[in-house]
Amino acid sequence: MKKVIISLVVFFAIQAIQAQKSFKPLFDGKTTKGWHAYGKKSAGKAWKAEDGILHFDPKEAQDGEGGDLVTDAEFKDFHLKLDWKIAQDGNSGIIFYVNENPVKYQNTYSTGLEMQILDNAGHPDGKILKHRAGDLYDLIESKSEPVKPAGEWNTAEIASRKGKLSLILNGVTVVETVLWDDNFKKNVAGSKFADWLDFGTFKKGKIALQDHGNNVWFRNIMIKELN
């Protein structure tokens, strides 16, 4: 029996390692290669890559050096994983299915859906339903709140496959929904996005990290494309 248990432990450990290997890094830990500011050709000085951490520094976000950071590549069905840390009273977000057409759409969130990043205790949005950390911003409230306080690292995951969306925070699934069906359209109609042209309609797009004017840090950014 002991040998069987050991064999099972080894087997599941190997499976976990193989699953992790199927993820590809979106951030090399040293540069902003593979990313650029929305509507621009490169990342601004406000986005600093150093020692495995991508940091948005609002002090450097002057004269057009800030803005949401978006991937060069587009993704359809995917599983995104990253760690984030927000400053006290801070706000940011992970935005996905972004259609980068700055002439038609002014911001990443004009088209993309957002998993909220927030200091729930300090930012005013913490008092607004569907605006708290882990929520599908302004659309669906988290089922629970496993978020850690400002200044501590959280692990977020966004998994989307054939319209089935899961938002996971610190290992807990906080949002499960189906995109683009009648219920989703009803949620949009009841939100601030009701009259926004093409919001939440794209089934392939870029991933963005939001400049909301506050210090925010990201690390271990990786993605697995789902067949």
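Predicted model: local features only at pLDDT ≥ 70, side-chain atom pairs only at ≥ 80, totals over all residues.
I then checked Lys 203. It sits in the loop between α2 (182–189) and β12 (206–209); helices (H or I, at least four residues) and strands (E, at least two) are DSSP runs. Lys 203 is partly exposed because its relative accessibility is 49% (buried is under 20%, exposed over 50%, partly exposed in between).

**Salt bridges.** I found 7 in the structure, each a side-chain nitrogen of Lys or Arg within 4 Å of a carboxyl oxygen of Asp or Glu.

- Lys 48 pairs with Asp 57 at 3.0 Å, N to O. Lys 48 is partly exposed at 32%; Asp 57 is buried at 10%. A salt-bridge network links Lys 48, Asp 57 and Glu 60.
- Glu 100 pairs with Lys 206 at 2.7 Å, N to O. Glu 100 is in the loop between β7 (91–98) and β8 (113–118) and Lys 206 in strand β12, so the bridge ties parts 106 residues apart in sequence. Lys 206 is buried at 12%.
- Arg 132 pairs with Glu 145, closest N and O atoms 2.6 Å apart.

**Basis.** Residue numbers start from 1 along each chain as its sequence is written, and side-chain values use heavy atoms, without hydrogens and water. Local features need pLDDT of at least 70, side-chain atom pairs 80 or more, while totals for chains, interfaces and linings use all residues.

Terms used: Buried < 20%, exposed > 50% of the residue type's maximum accessible area, 1.4 Å probe, protein only.
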